[in-house]
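Welcome! Have the viewer open and follow along.

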Amino acid sequence: MKSLDVHKSEYLKQFETQTYGRNLFRTKEEERLDAPNEECGIFGMYSDNDLDTFSLSQFGLFALQHRGQEACGISVLKDGKITNMKDEGLVLDVYKEIPDPETFMGNSAIGHTRYTTAGDKKKYNFQPFFAKNEYDQIILSIAHNGNLTNAKELKAQLEAEGVVFRATSDSEVILRLIQKNLDLGLRGAIKATMEKIEGAYSVVGMTRNKFFAFRDFNGIRPLVLGAINENSYVVASESVALDAVGAQYVRDILPGEIIYTNENEPGKLHSIMVDESKAKQRICSFEYIYFARPDSSLENINVYEIREKSGEKIWEQAPVEADLVIGVPDSGVPAAIGFAKASGIPFRPVLIKNRYIGRSFIVPTQEMRERVVNLKLNPIISEIKDKRVVIIDDSIVRGTTSKRLVKILKDAGVKEIHFRSVSPPIIAPCYLGIDTPSKDDLISANMTTEELRNYLGVDSLEFLSIDNLKTILGSANHCFGCFTEEYPVGKGEELELFN
């Protein structure tokens, strides 16, 4: 029997070569409807020497593939010229379509992986976004993770001033505001932009001779800084992207901070705080529960350790007699290991993954779509038949995926099922960069825990408490809006920003 340390090591090692799958049990439809979806991952790098930006940006974006699978793109700075490429598809597929890699080798690059909401799969919304001058040359390019809550109002103001918008994304508002204020200098343009925009934003960008990155005053979406050497820097949504390109983690970019280069001091990175009185630390707590890759660190906190502790804590909160613990791959496994460690109940990875099953099946019926998932994730019946099982999942959103999993386990002959969610009940949508269902579709907003237990058909059901989540994270300095309906900033307009 493998020790829990061996299970942990094997679990983490797989992500060195395979994409983090979060919840592999969900069908593609359930991924859209029964899961929170991160809007994107961003990556940027700068050096005063030429780098293999084609390869390194590819490695960095591949490490962030879990943050968006619908599209990706890059902008590269070479000899004072910015070249852009973006397309629908996974990172490796998009890079295969680049005919001349030499075109994308320079001294600076930014990139983006995108999750696209339904009805918004238009290439003009893929990032990075860019602005051109009167000679049709790209002079500014940005990639953005987050959501602006006052984008509709700002877009109307800019259009009234004659600014032409080419996309239907709030990210273009950031681009046009910086472009409009470039006569203030890059630092002044970014500062003027940050003083107008509201909501959540982490941004990387470049002009024809500068590189920059900045983060909103609450630091809601993550952004980390690394260094390859003393004059080559990397910025990314997660530390795993730094690891992928051989960069050392330096620190997280601070809420309200701008970092930038100056053409007069090549290789030197500068930093300013826009308004320290407004800066607060309110990073999204759900990054630790679900979104970030388990081998990442955010705000100097290891994501895997948080997830393992959540399993230990929910055992303390809601102990139960059982024969084995299982975690829904990939995101539920660390908590299941933690639960097993605290309880002494054996952990078993009985939901077996077939990593060779992709998304290429075209099937017209729901029954057949569910069979595709069973090809991808299949239980070992001999391990669970006639057993009392604790199943650990990261969260329950609409409940449809959880209910289907319970049915499969019951069909396999499980004697008892005790369901544990290592997030508190999700009772409210996110307005700050995560695509979540409306309140009417969030099952915990419309059912008591006992009603939900009956709906799922399980013997017991418990959610990690918000107080225990704060204890695990070590502070209350996070955004807990989806659990409490209390947000660091006003909700602003509804998510349908532009018609």
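The notes below go through ring pairs, a ring cluster and charges over rings.

Please keep in mind that this model is predicted. The structure holds 13 aromatic pairs, and two of them, Tyr11 with Phe15 and Phe286 with Phe483, are described here. A pair of aromatic rings is described by the distance of the centres and the angle of the planes.

- Tyr11 and Phe15 pair edge-to-face, with 5.1 Å centre to centre and 90 degrees between the planes.
- Tyr11 has a relative accessibility of 5%, so this residue counts as buried.
- Phe15 is buried as well, at a relative accessible area of 1%.
- One aromatic cluster takes in Tyr11 and Phe15 together with Tyr20 and Tyr304.

**Phe286 and Phe483**

- The rings of Phe286 and Phe483 form a tilted pair, 5.8 Å centre to centre with 50 degrees between the planes.
- Phe286 belongs to helix 9 (residues 286-291) and Phe483 to helix 18 (residues 481-484), so their pairing ties together parts that lie 197 residues apart in sequence.
- Phe286 and Phe483 are both buried.

**Charges over rings**

- For Lys278, look at the ring of Phe217: the charged end of the lysine sits over that ring, 4.2 Å from its centre.
- Lys155 lies over the face of Phe165, and here the distance from the ring centre is 5.5 Å.

Conventions. Residues numbered from 1 in each chain as written. Predicted model: local features only at pLDDT ≥ 70, side-chain atom pairs only at ≥ 80, totals over all residues. Heavy atoms only, no water. Phe/Tyr/Trp six-rings, centres within 6.5 Å; stacked < 30°, edge-to-face > 60°. Buried < 20%, exposed > 50% of the residue type's maximum accessible area, 1.4 Å probe, protein only. Helix = DSSP H or I, 4+ residues; strand = E, 2+ residues; numbered from the N terminus. Lys NZ or Arg CZ within 6 Å of the ring centre and 35° of its normal.
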